[in-house]
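This report walks through selected secondary-structure elements and how they pack. Keep the model open alongside the text.

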Amino acid sequence: MPLARLAASYGVATSYSPSPGRTVPATESAVIAALAALGVDASTPQAVGAALSAREAEQAARLLPPTVVAWTDGPLPPSLAGLPPGTRVRVEKEEGGTAEWEVPAARTPRLPEALPTGVHRLRIRPPGPGKGAGTGETGETGETGETGETGETAHLVVAPRRLGTPARRTHGLLVQLYSLLSRHSWGMGDLGDLAELADWSCRTLGTGFVQVNPLHAAVPGPAQGPGSDPSPYRPSSRRFPDPVHLRVEAVPEFAYLTGKARDRADELCRRAAALREGVLQRGELIDRDAVWALKREALELLHEVPLGPGRRAAYNAFLAEQGTALEDHATWNALAETYGPDWHSWPAALRDPASPGTARARREAMDRVDFHSRLAWLTDTQLAAAQRTAADAGMDIGLVHDLAVGVHPGGADAWAQQRHFAPRMSVGAPPDAFNARGQDWGLPPWRPDRLAESGYAPYRALLRGLLRNAGALRIDHVMGLFRLWWIPEGREPTEGTYVHYDAEAMLAVLVLEAHRADALVIGEDLGTVEPGVRETLREHGVLGTSVLWFERDWEGTGRPLPADAWRADCVATATTHDLPPTAARLTGEHVQLRHDLGLLTRPLAQERAEAAADVHEWLGLLSRLGLLPGGTGCEEDEIRAVHRFLLATPARMIGIWLPDAVGDRRPQNLPGTWDEYPNWRLPVADAAGRPVTLEELAASPRLHALMAVFR
């Protein structure tokens, strides 16, 4: 049928499989809406026919896709292998220089000349007139080559096929940074705490990495009304880190404050101490907005302190390196101070980052633009210092940063890069066995066509920024490199459809940037995964994520998967930020919590019995393996046994959820809740619910007893 053919040509699915052997058709309205978000009118049968004819003519006219992928160890890419004999090929290399050849009559299996890794410009001139007019990066057709004859251009991504694996097997800590308070924190964990944790844990516990939540720049809360969204997975920008994580006293200019500025800074430090004590001593929740209000005022004072020559030179180098991306980010933040944190509600002239009105507003607010640019630089320098500290302590990997699936629709990235985002669409998940209503994450998706036309420039820049201060990168919902569930604005998650991305290109760019940064990549591949995805990720050296309670022989007995049957290419762990801490799972407290919040879909007794049976089966296996020498019944022994089991698997990386080390019961995030539960606002706490500082963690007998498993 014409609509299905049109949809397929743009990567829009017309059905999906929520479970093996079951296919569910997507609604026609979802398919039409997804096509509309890609700039294709499919609103009537006549429109579908016209769009299909135009699409087929466009594809017939092009010899090359907008982005071509070549693996360094692979054969000639199919699009190049299929060029007519006599075609002139010219590659303009990313680092300078060119390579040229003519396609011979006798096909060759590989590129005639070895090309360096990178993103190059590919130009072809077919033999004879009138062939091959195509589309360049900005959509122009019939780009004219140096000879004046019509040709085509494309981007050529040359990447290693596979990333390296960890040099040796290692274990590390997983922590939500905001939850880790020290005696120096301003009410939430900061980059000083992160450096301290990495230094201490490596030297004392032998850890090889510390994995943290996304440190992306958040959407600031409005001046009036409810505060900002505390979730680190719905940021304003994934391109720049959030200055709320700064250790203010560690900024060199802090030492040069004098007079009234020094007095005000001291007062802010006292108020920050009160915030910290409220969380640690009085049971208050972490209040990111309150912390930021204090830090922002302190940073305003520091902005008035002139930079020394060396610092000024370093800042100028950062501005030059980051270029337009940073200017746009800082401009959005400056404009948000006046017009609010959602650019859709701004005056029309300011909704376009390239408009004359925006340029004028940027000039008028240049001091504020400089302030927000300075914050990005300061945060980057402290992130770099934390990674250096980890490396100096001896960590093999160091910091593992986390990449969220997307960004807030009203935030800085969605404003600055709106050409690359699909309008009136949101990313989520279809209904499945765990959630009959599906999920809407409120994140606009990238347009696959615009990414390809740009040679994946926004994606490349994003990865490069995250990897500059990381030893590894975790990608949340890594399946999104292959496809995402698009939900039309105003519709339920059940009324969405999948839109596919060029997974080969997405992976090539990922491997290329990680290779350049000498970093590892970890994919969060939990839940329902499309067949072949895990195998493809493994082929390219992307590690998976394996959580003990989910590792069962699902295709056979259904019983816990034996340790030697686990995959090696993964991070093995007992839990994550979205799951119950191990102590709560062992005791069944997580079931009671969900019951108290009205989240259970079955009777409490049935849920309890099922959860208890699950734990009983696992503990039975641990006992039979001799990992529970004292028998069951002691929670600390059982948690240690769980981690002994992880150590018995071939997993290359083992992650210890830091709250597990002190018996914390509370999940950091409870999916399916909003105000009912304090998601993203809880400090690390002990078994009694008492918040635990970094200094107390370092001295905790319970923590040291657990970590002794890894010695």
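## Helix α14

Just after α14, Asp-518 adopts a positive phi of about 55°. Helices (H or I, at least four residues) and strands (E, at least two) are DSSP runs, numbered from the N terminus. This is a predicted model: local features need pLDDT of at least 70, side-chain atom pairs count only at pLDDT 80 or more, and totals for chains, interfaces and linings use all residues. Residues are numbered from 1 along each chain as its sequence is written, and side-chain values use heavy atoms, with hydrogens and water left out.

Helix α14 covers residues 503–517. Its 15 residues should span 21 Å at 1.5 Å a residue, and the end C-alpha atoms are 21 Å apart, which agrees. The expected span is 1.5 Å times one less than the number of residues. At the N-terminal end, Asp-502 caps α14: a side-chain oxygen lies 3.2 Å from the backbone nitrogen of Glu-504.

How many of the residues of α14 are buried? The count is 11 of 15, so the helix is mostly covered. Buried means under 20% relative accessible area, exposed over 50%, partly exposed in between (1.4 Å probe, protein chains only). Among the buried residues are Met-506, Leu-510 and Glu-513.

## The parallel sheet

An open sheet of 8 strands runs in the order β18-β15-β12-β9-β8-β21-β20-β19, with parallel pairing. Strands β18 (520–523) and β19 (544–547) stand at the edges; each has a single partner strand, so one side of each lacks a neighbour in the sheet. Neighbouring strands are turned by 25° against each other on average, direction ignored. Two strands pair if DSSP finds at least two bridges between them.

Within this sheet, 3 bridges join β9 (residues 209–212) to β12 (residues 398–403). Phe-209 stands opposite Gly-398 in β12. Helix α13 (residues 457–467) lies across β12 and β15 (472–475), at about 150° to β12. Axes are lines fitted to C-alpha atoms, for helices over the stretch in contact (heavy atoms within 4.5 Å). Angles run from 0 to 180 degrees between N-to-C directions.

## Strand β7

In β7 (residues 152–159), 8 of 8 residues are buried. Both faces are covered: Glu-152, Ala-154, Leu-156 and Val-158 lie on one side, and Thr-153, His-155, Val-157 and Ala-159 on the other.

Strand β3 (residues 67–71) pairs with β7 in the parallel sense over 5 bridges. Thr-67 stands opposite His-155. Strand β6 (residues 118–125) pairs with β7 in the antiparallel sense over 7 bridges. There, Arg-123 has Thr-153 as its bridge partner.

Note on methods: A polar contact is a pair of N or O atoms within 3.5 Å; within protein, one must be able to donate a hydrogen and the other to accept it, and residues adjacent in sequence count only if both atoms are side-chain atoms.
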